Amino acid sequence: AKDAGRNRFSYFTPALQVAAINRMRMTNDLRSALKGGQFRVYFQPIVHLRSGKIHKAEALIRWEHPQRGLVSPLEFIPLAESSGLILDIGEWVFKESARWASLWRREHHPEFQVSVNQSPLEFQREGKGYEGWLAHLRELGLSGQAVVVEITEGLLLDASSGVTDKLLQLRDAGIQVALDDFGTGYSSLSYLKKFDIDYLKIDRSFTRNLAPESSDMALSEAIIVMAHKLGLRVIAEGVETDRQRELLLAAGCDYGQGYLFARPVPAEEFNAMLVAQSRA
Ligand code: C2E
Ligand code: CA
Ligand code: CA
Ligand code: CA
């Protein structure tokens with residue numbers, strides 16, 4: 001009995017150490033996932049509310065883990081960020097997105113846009129702007145307009161010249177910028193005037209609570225009016241019900257994205273949705 005007790009004790013590993021080992025293992029897994037082609041880009045439609053047509057798509061990464069199945073980006077993006085791997089991953093997502101945008105602009109809608117997420121670390125990467133992206137777009141014969149970069153509010157608060165420079169570089173290339181998760185962060189509105197932002201994405205937490213006379217309804221309406229006055233288009237995230245779609249449309253919201261229209265799907269499936277739409 002005494003021996004068993006000692007053995008039990010030796011099995012004990014401090015939680016911090018376990019976490020560190022897991023992190024290391026996951027980081028190695030991430031690296032080989034990129035090399036081994038285990039990442040997929042899924043696309044979710046962004047629907048023009050008035051016409052009901054798919055005008056854009058958001059690229060969302062998935063990890064097809066050989067043992068664990070589909071792993072959510074919420075699980076691995078933070079680690080990809082802290083390990084620096086996010087830079088290579090982001091590069092890959094961009095290239096996949098541009099490739100599909102090229103097809104969809106050619107075959108479905110000449111102004112079709114694919115938006116890609118950029119975490120603050122990617123956006124602020126030192127000594128490296130978007131030259132590589134621009135060269136790649138040129139090779140594909142694609143205009144900068146084919147791509148939208150989604151960034152979060154926090155970036156604009158810390159308006160170092162690095163951030164300003166990158167935003168100017170994007171604008172010069174014709175690449176539009178969307179402010180993601182709007183309303184969840186600091187939500188100081190002054191920077192909407194200061195920076196050249198093209199789209200506001202109203203966070204899902206507002207959409208969820210939309211109801212006539214609700215405070216989230218009032219806030220959403222105010223955000224939409226203000227955005228339009230500043231020349232921005234508005235995309236509502238997390239539209240799940242027809243009621244939400246109606247309220248947003250009535251409030252003048254331009255685009256909707258959410259499970260009501262479709263979940264994020266593999267590119268081939270997204271393509272099939274576009275084909276079906278053009279036949280309808
Ligand atoms: P996000 O940019 O806010 O993306 C929207 C998230 O909401 C996606 O989660 C999407 O699947 C989910 N969503 C869409 N419609 C609905 C809806 O109607 N209801 C609900 N409940 N959820 C909806 P996902 O794909 O798990 O991505 C999570 C986050 O991971 C993204 O949030 C984004 O911050 C990050 N992410 C995803 N792909 C990339 C990437 O390629 N690069 C970077 N840096 N981050 C990424
Ligand atoms: Ca996003
Ligand atoms: Ca978002
Ligand atoms: Ca979000």
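First, the ground rules. This is a predicted model, where local features need pLDDT of at least 70, side-chain atom pairs count only at pLDDT 80 or more, and totals for chains, interfaces and linings use all residues. Residues are numbered from 1 along each chain as its sequence is written, chains are lettered from A and ligands numbered from 1 in the order in which they are written, and side-chain values use heavy atoms, with hydrogens and water left out.

Let's start with the metals. Which residues are the protein donors of the calcium ion (ligand 2)? They are Glu-58 through OE, Asn-117 through OD1, Glu-150 through OE and Asp-180 through OD. They lie 2.2 to 2.3 Å from the ion. Donors here are N, O and S atoms within 2.8 Å of the metal, or 3.2 Å for Na, K and Ca; water is not among the atoms, so sites may look incomplete. Along the chain, the donors of ligand 2 are spaced E-x58-N-x32-E-x29-D.

On naming, helices (H or I, at least four residues) and strands (E, at least two) are DSSP runs, numbered from the N terminus.

Buried or exposed: what about Glu-150 and Asp-180? Both are buried. Asp-180 has a relative accessible area of 7%. The cut-offs: buried means under 20% relative accessible area, exposed over 50%, partly exposed in between, with a 1.4 Å probe and protein chains only.

For background, most residues other than glycine have a negative phi. Asp-181 is partly exposed, at 25% relative accessible area.

There is another positive phi to look at. Glu-213 has a phi near 70°. Where is Glu-213? In the loop between α10 (204-208) and α11 (215-229). Glu-213 counts as exposed, at 80% relative accessibility.

On to helix packing. Helix α4 spans residues 86-107, and helix α13 spans residues 267-279. They pack at about 15°, axes 12 Å apart. That makes α4 roughly parallel to α13. Axes are lines fitted to C-alpha atoms, for helices over the stretch in contact, and angles run from 0 to 180 degrees between N-to-C directions. Under 35 degrees counts as roughly parallel, over 145 as roughly antiparallel, 65 to 115 as roughly perpendicular, and the rest as oblique.

The crossing of α4 past α13 is right-handed. Left-handed would have the near helix turned anticlockwise from the far one by less than a right angle; right-handed is clockwise. On the α4 side, the contact uses Trp-100, Leu-103 and Trp-104. They meet Ala-267, Glu-268, Phe-270, Asn-271 and Leu-274 in α13. By class, that is 6 nonpolar, 1 polar and 1 charged. Ala, Val, Leu, Ile, Met, Phe, Trp, Tyr, Cys and Pro count as nonpolar, Asp, Glu, Lys and Arg as charged, and the others, Gly among them, as polar. Contact means heavy atoms within 4.5 Å.

Another partner of α4 is helix α6 (residues 131-140). The angle is about 25°, and the axes are 11 Å apart. So α4 and α6 are roughly parallel too. The crossing is again right-handed. Glu-91, Phe-94, Lys-95, Ala-98 and Arg-99 in α4 meet Trp-133, His-136, Leu-137 and Leu-140 in α6. That contact divides into 5 nonpolar, 1 polar and 3 charged residues.

Glu-269 lies in α13. It is partly exposed, at 45%. Between Glu-269 and Asp-242 there are 23 Å in space, C-alpha to C-alpha, and they are 27 residues apart in sequence.

Last, His-48. It is in strand β1 (residues 39-48). His-48 is buried, at 18%. What does His-48 touch, leaving out residues up to four places away in sequence? Lys-53, His-55, Asp-254 and Tyr-255.
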